[in-house]
Amino acid sequence: MKEQFQELYYKHYKKLFFIPVILVILALSVLVWNYSTTGDIMDKDVSLKGGTTATVYSEIPFENLEQILEERFGEDFIVRDLKEFGSNTKIGTVIEVSNVDGDDLKIAFEEITGLTLDENNFSVEFVGGSLGESFYKQMAIALLLAYILMGIVIFIAFRVPAPSFMVIFAAFADMLCTLAVMDLIGMKLSTAGIAAILLLVGYSVDTDILLTTKLLKRGEGTLFTRLIDSMKTGLTMTATSFVAISIAYFLASSLVLKQMFLIIMIGLMFDVIMTYGMNAGMLIWYLKKKKVEQ
Amino acid sequence: MKKFMSFRIWILIIALILGLIILAPNPWADGIEVVSVDANSDAVSNGLNIGDILLSINDYEINNVGDVDIALASLIYSEQEIKIKTSEDYETYTITNDILFDIDENLTISDSELFVEGSKLLEINGEIIDDYDEFNEIYNELVPKRIIKIVTENENIAYLSREIPKIIVSEEKTSNLIFGLEFTGGTRVLLKPIGEDISEDDINNLIDVLSNRLNVYGLSDIKIRSAEDWDGNKYVLVELAGVTQDEVRDLISQQGKFEAKIGDVVVFNGGNNDIPYVCRDDGTCSGIRSCEDYQDGSVCEFEFSITLSNTAAAKQAELTSQLAVVNEDGRGYLELPLDLYLDGELVDSLRISESLKGQATTQISISGSGTGASQDLAIENAYQEMKSLQTILITGSLPFDIEIAKMDTVSPVMGEIFLNNMLLVAGLAIVAVALVILIRYRKIKFVLPVMGTLICELFLILAFAGLVKWNIDMAAIAGILAAIGTGVDHQIVIIDEAVNGKKGSRMSDRMKRAFFIIFAAFFATVAAMLPLWNAGAGLFRGFALTTIAGATIGVLLTRPAFASFIEAIDEREEEN
């Protein structure tokens with residue numbers, strides 16, 4: 001049984017590349033398409049674009065609030081409900097807008113709903129436009145630098161360029177696909193979202209390092225059994241993280257954390273494909289070629 | 001045979017004990033602690049101290065901060081009108097617990113906003129007062145002294161007084177952990193100076209003026225630090241804990257450039273050089289003067305006086321001497337008023353009486369107003385307007401104009417809900433991890449060490465945060481999550497190496513390989529976090545720091561201990 005599976009894998013593993021390669025191409029086209037239509041690869045929320053996010057803590061439902069606010073200010077508003085887990089009762093309303101400041105929004109909200117807002121039921125976050133823009137730029141650079149620095153660390157650890165590059169490429173592909181899915185489901189990128197992507201990169205690199213160590217460093221068993229071993233360990237790791245994060249996603253009441261968890265969940269799924277569909281295959285290919293050369 | 005209590009486990013235990021000492025947790029502390037009390041009050045002279053835990057005030061049980069307000073409010077007498085005749089005045093006014101003046105044995109009045117200092121008391125409510133005893137008798141009839149009983153954890157205080165103790169309380173600390181704004185509530189403002197070539201000195205100067213302003217305004221729980229991003233932009237980050245008023249935001253975002261002009265010529269500016277004294281907290285020269293109905297609400301006028309320096313007064317004299325006199329309503333004024341501008345906006349315009357022409361007056365009275373839906377609100381707004389104008393006049397202008405680049409305010413009520421939610425999430429996530437490990441390995445002996453290690457790691461990260469006085473905010477929580485998440489991953493690597501690698505190779509080799517993976521991953525994580533240190537004006541520093549700290553604690557303390565524990569378990573199993 002195991003031998004058959006091994007034979008089957010060795011015969012066809014290069015075809016497995018297709019799945020991740022197609023995914024990366026699709027992801028790239030989504031990002032490029034988004035870039036050509038909106039001017040950026042990602043839609044950004046107010047924390048990166050500048051604007052105001054106000055949260056009103058009240059169970060009262062506000063009908064057509066979005067419409068009323070839009071008519072009043074002539075700006076695009078996003079109004080969402082904040083719900084508590086379990087009872088699914090509403091605990092608040094989140095309002096996002098680009099060009100209206102917190103005070104004006106507060107006054108308008110009080111006039112529309114007749115509610116009095118004070119520090120006990122009202123939180124507001126304001127980001128200036130130029131700051132949001134420079135945040136975004138700097139976070140993008142930070143992300144790029146993070147990949148470069150990680151690449152250096154991994155190269156020092158393994159001392160072979162090709163497999164080190166594969167680790168970084170797998171983590172990078174993971175990020176591209178996650179960003180593309182965010183675009184597709186209409187999720188906007190926030191500063192917290194960028195932090196989530198960095199977390200994701202950490203998780204993703206973990207499984208890739210595990211795989212590379214197991215295959216590259218001489219150990220017991222054949223190449224294939226070592227691959228299976230590392231898959232078992234790696235999948236346990238991913239499953240544990242996934243279960244813990246999804247529970248956190250359903251329970252967290254903060255929208256910021258919820259968004260972070262969702263990004264990590266999406267990323268972990270892609271991580272399995274990238275690590276075992278692409279990185280593993282590329283490594284086996286590399287090791288076989290090296291053996292032939294020797 | 002390997003011992004369970006290996007060297008590495010002992011190191012972890014020592015670290016945990018140190019952590020416990022650092023955090024000094026006191027989870028049962030739910031008392032209400034006195035954080036401030038008026039030093040001259042009767043309560044203090046009878047033994048109440050800062051740090052006391054309040055149990056009750058006059059039989060009102062104190063269980064939360066609000067109870068103290070209720071208990072103190074119960075001590076306020078209902079309002080009554082009194083008529084006071086002195087050698088100089090006759091006044092009718094309302095009082096509650098205090099007659100609003102001090103008096104000595106010769107019936108001489110002092111410390112009053114209403115009466116002339118040094119005047120003699122003659123009558124109260126029509127009754128003639130002959131001596132000090134008679135005054136006390138009547139005062140005691142109007143506002144009787146009563147027993148005030150304050151029970152604290154350590155003592156019972158009881159005394160006779162008509163004074164309401166000015167006590168500020170907060171919930172007793174449950175540990176040395178400092179929670180950030182997302183959980184305690186408050187305001188965080190990122191300020192960006194406007195202008196070119198802002199130097200380090202400029203920023204330090206700005207921070208000095210800002211902290212001075214906030215202190216003069218009366219806020220103590222503030223954090224101010226400078227921040228810089230990669231583009232060389234400099235920022236100042238201000239954090240105000242607890243509840244924050246809108247006025248405070250004006251206070252920090254306003255440059256506060258105060259100018260008094262006659263025509264286009266500046267007579268004097270804000271700050272200590274031109275205005276050595278600003279009257280405040282003294283009813284005789286600062287206060288709300290009048291209120292009237294206006295549209296749907298009220299408008300109240302405030303007034304306070306300032307004292308000019310001699311040079312400023314001389315300049316004013318010189319300028320006024322050149323002005324012509326005009327007549328209005330039979331009174332003579334100078335042709336131009338003294339206009340007061342704050343950041344280019346006219347706040348007050350003072351007509352100058354003809355008698356002041358060419359005079360070096362040092363006393364100037366400034367007025368302004370506040371509006372509100374009710375008279376109480378209007379008074380409060382006028383009072384706050386006055387307070388922030390006074391503060392700006394005292395502390396002078398900021399060295400340059402600034403803008404708010406980012407501002408968050410978090411409601412303290414919601415902060416607490418978020419914190420409880422986070423604890424629930426963390427607890428259930430740990431249980432979920434344990435379940436997955438149990439399903440995968442079907443051995444409870446792996447599950448317990450994994451859970452134990454997770455909890456140790458969490459505890460040590462918090463202890464580290466307590467040690468370096470790092471705030472636990474949303475960013476830090478995300479960092480802790482990252483550290484714990486990779487922690488679980490690495491424990492799985494250790495278990496798998498211990499269990500699966502059995503055939504052939506020695507345990508120490510297998511652990512070496514496990515730790516190769518762990519260290520490579522650790523350094524990769526640190527490498528990924530380093531660029532965040534200064535990105536985005538350092539707002540991600542908390543995230544980067546907790547992630548790195550957590551990962552380091554894991555690699556150096558908890559994972560070696562975990563590995564040695566698993567090795568010991570494994571060997572024992574082989575022997576059976």
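Into which domains is chain B divided? Colleagues, I shall begin with that point, noting at the outset that what we are looking at is a predicted model. Chain B falls into four parts: domain 1 (7-25 + 412-575), domain 2 (32-76 + 146-171), domain 3 (80-142) and domain 4 (278-383). Taken over C-alpha atoms, the centres of domain 3 of chain B and domain 4 of chain B are separated by 32 Å.

Let me turn to chain A. Its division is into domain 1 (2-44 + 130-293) and domain 2 (51-127). The centres of these two domains of chain A, again over C-alpha atoms, are 37 Å apart. Domain 1 of chain A brings six residues to the contact, and domain 2 of chain A brings six residues as well. On the domain 1 side, α6 and α9 of chain A each supply at least two residues. By class, that side of domain 1 holds four nonpolar and two polar residues, with no charged residues.

Two packed helices are described by the angle between their axes and the distance between the axes. Helix α7 (residues 161-184) of chain A packs against α10(A) at an angle of about 150°, and the axes lie 8 Å apart. Because of that angle, α7(A) counts as roughly antiparallel to α10(A), the threshold for this description being over 145 degrees. The crossing of α7(A) with α10(A) is right-handed. Residues of α7(A) that take part include A162(A), M166(A), A170(A), D174(A) and C177(A); among their counterparts in α10(A) are I263(A), F270(A), D271(A), M274(A) and Y286(A). The residues of this helix contact comprise 17 nonpolar, four polar and two charged.

I come now to the two chains together. In the contact between them, 58 residues of chain A meet 61 residues of chain B. On the chain A side, β4 (122-127), α6 (129-158), α8 (191-216), α9 (223-251) and α10 (255-293) each contribute at least two residues. Of these elements, α6(A) gives the most, with 14 residues. The chain A side is made up of 35 nonpolar, 16 polar and seven charged residues.

Finally, the strands. β4(A) pairs with strand β27 (residues 402-410) of chain B in the antiparallel sense, over four bridges.

Notes: Residues are numbered from 1 along each chain as its sequence is written. Chains are lettered from A and ligands numbered from 1 in the order in which they are written. This is a predicted model: local features need pLDDT of at least 70, side-chain atom pairs count only at pLDDT 80 or more; totals for chains, interfaces and linings use all residues. Two residues are in contact if their C-beta atoms, placed from the backbone, lie within 7 Å. Ala, Val, Leu, Ile, Met, Phe, Trp, Tyr, Cys and Pro count as nonpolar, Asp, Glu, Lys and Arg as charged, and the others, Gly among them, as polar. Two strands pair if DSSP finds at least two bridges between them. Axes are lines fitted to C-alpha atoms, for helices over the stretch in contact, and angles run from 0 to 180 degrees between N-to-C directions. Angles under 35 degrees count as roughly parallel, over 145 as roughly antiparallel, 65 to 115 as roughly perpendicular and the rest as oblique. A crossing is left-handed if the near helix is turned anticlockwise from the far one by less than a right angle, and right-handed if clockwise. Domain bounds come from an automatic or database domain assignment.
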